Amino acid sequence: MGEVLAGRRRWIWAVVAVVVLALIGYGVVHALTAGASERPKAAATVAVDRGAVSTDVGTTGTVEPAQTRSLSFTVDGAVESVSVRAGSEVQAGQSLAKVDDSDAQQAVDDAQAALDQADSQLTEAQDSSAKQTEAARSGTSTGCVAPAAYTVPATATASPSPSVSASSRPTASPTRTATRTATPTRTGSPATGTSHGTGSGTRGGSTGGGTGTSCGRTGSSAGGSSAGGSGQGQQGSGSDSVLSAQQRVVSANTTLENAEDALEGTTITAPIAGRVLSVSGKVGSQVNSGSTFITLAGTATMQIDADFPEADADNLKVGQAASVTLADQDGKTFKATVAEVDPTGTSDGTMVRYGAQLAFDATGQPPNLLVGQSATVAVTTGSKAGVLRVPSTAVHDVAGPSGTILRNGTQVKVGIGLRGDQYTEITSGLAEGDQVVRSW
């Protein structure tokens with residue numbers, strides 16, 4: 001019985017061994033036949049053509065307002081009202097906050113009263129001066145017409161004005177001479193002078209106790225003063241009064257303007273349309289003049305602030321075209337332009353980066369932008385149109401202005417120009433229509 005069981009086991013193992021060998025043999029045969037029937041696929045090729053080649057540098061940035069205003073009161077005081085909060089949209093000219101203006105209004109009223117008084121005093125001074133001038137002119141018309149000639153005492157000193165002397169002529173009285181003055185003098189001296197006003201003088205050969213000048217000009221007197229000399233002193237006094245009154249008006253007007261500016265500064269008004277970023281106080285709080293109370297961002301014009309690695313920033317220039325994509329607007333690309341590149345970089349410990357500001361094109365700025373939201377930026381640093389080109393993946397072993405292309409199974413050295421992300425410019429070694437391996 002034991003021998004029968006042992007024989008059955010040997011028979012079973014023999015069958016298993018045959019099956020395993022058969023499977024192994026099938027696998028080997030199938031592998032050999034499959035390998036013989038499959039052939040390597042031909043590498044994908046592409047024709048050399050002409051078109052545009054561009055190179056871009058990309059980074060991420062944030063959307064920021066192009067202008068931000070720090071607004072403050074121009075006077076100290078207690079906040080009376082605040083009509084906005086952080087995030088509020090405002091229009092230009094809108095009132096945002098106000099402090100108690102009672103003191104400022106009183107200052108304006110006082111300054112206006114002072115100006116009114118100064119104006120009244122100026123009017124009075126001008127009227128008085130005009131009356132004095134008219135009185136002096138009236139005296140000239142009634143007593144200023146001098147005779148053609150009159151006798152000057154022998155002791156008198158000749159006037160500096162031009163004069164002629166007639167020589168002695170035989171007459172009935174040969175001892176008598178006459179001195180004729182061609183033009184009566186208008187300037188008096190302490191010793192001599194002519195008077196046609198109320199002062200004493202010489203006329204027709206008679207002498208008085210004193211001399212003076214005529215017509216309200218300059219006068220001096222040895223024994224009395226003329227009406228003209230007194231008149232001119234009054235006129236000078238009137239001119240001084242007018243000048244002083246005018247100075248008081250100017251000073252009062254300046255004080256009023258300053259007071260009005262202070263009153264206007266009790267209210268913060270939005271200078272531009274935009275969004276309120278912060279409010280640093282509330283109703284009842286005390287504020288100081290000049291301290292920022294509201295920060296306002298102008299949202300009409302937004303920009304992108306971005307940092308570029310040193311290697312990319314070297315190729316950035318103002319005016320270069322760029323494209324911007326936003327996380328909350330999938331599938332949309334907005335046009336922008338490089339507006340500014342920082343001249344100095346900042347280091348984060350491992351890399352130096354340079355900041356740049358990009359402005360949305362006039363028709364490219366999307367609506368409802370959020371201050372500080374993220375943006376992806378790609379700046380076109382170089383571009384050429386209508387040049388011979390191949391896919392950039394077809395160019396290998398790039399060394400300066402040359403590289404290697406696989407054409408018809410043969411490696412060919414070619415000259416390369418602008419190398420972009422998608423295409424590379426070919427300057428020599430290939431012709432339009434040549435077939436090259438796209439990637440190898």
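Me: Is Phe293 buried or exposed?
Reply: This is a predicted model. Buried means under 20% relative accessible area. Phe293 has a relative accessible area of 3%, so the residue is buried.

Me: What is the relative accessibility of Phe73?
Reply: Phe73 counts as buried. The cut-off for that class is under 20%. The value for Phe73 is 1%.

Me: How many aromatic pairs are there?
Reply: Ring centres must lie within 6.5 Å to pair. Phe73 and Phe293 have theirs 5.3 Å apart. The count of aromatic pairs is one.

Me: Are the rings of Phe73 and Phe293 stacked, edge-to-face or tilted?
Reply: A pair of aromatic rings is described by the distance of the centres and the angle of the planes. Planes under 30 degrees apart count as stacked, and over 60 as edge-to-face. The planes of Phe73 and Phe293 are at 50°, so the pair is tilted.

Me: How many residues apart are Phe73 and Phe293?
Reply: Phe73 is in the loop between strand E2 (49–72) and strand E3 (77–82). Phe293 is in strand E9 (residues 292–309). The pair links distant parts of the chain, 220 residues apart.

Me: Which ring does the charged end of Arg389 sit over?
Reply: The test for a charge over a ring includes a distance within 6 Å of the ring centre. The charged end of Arg389 is 3.8 Å from the centre. The ring is that of Tyr423.

Me: How many salt bridges are there?
Reply: A side-chain nitrogen of Lys or Arg must be within 4 Å of a carboxyl oxygen of Asp or Glu. Among them is Asp101 with Lys98, at 3.9 Å from N to O. The count is six.

Me: Which residue forms a salt bridge with Glu432?
Reply: The closest N and O atoms of the bridge are 3.5 Å apart. Glu432 lies in the loop between strand E18 (423–428) and strand E19 (435–437), and its partner is in strand E2, 382 residues apart.

Me: In the salt bridge of Glu89 and Arg275, which residue is buried?
Reply: The two side chains meet at 2.6 Å, N to O. Glu89 is in strand E4 (residues 89–90) and Arg275 in strand E7 (residues 274–279). Glu89 is partly exposed at 45%. At 17% relative accessibility, the buried residue is Arg275.

Terms used:
Residues numbered from 1 in each chain as written. Predicted model: local features only at pLDDT ≥ 70, side-chain atom pairs only at ≥ 80, totals over all residues. Heavy atoms only, no water. Phe/Tyr/Trp six-rings, centres within 6.5 Å; stacked < 30°, edge-to-face > 60°. Helix = DSSP H or I, 4+ residues; strand = E, 2+ residues; numbered from the N terminus. Buried < 20%, exposed > 50% of the residue type's maximum accessible area, 1.4 Å probe, protein only. Lys NZ or Arg CZ within 6 Å of the ring centre and 35° of its normal.
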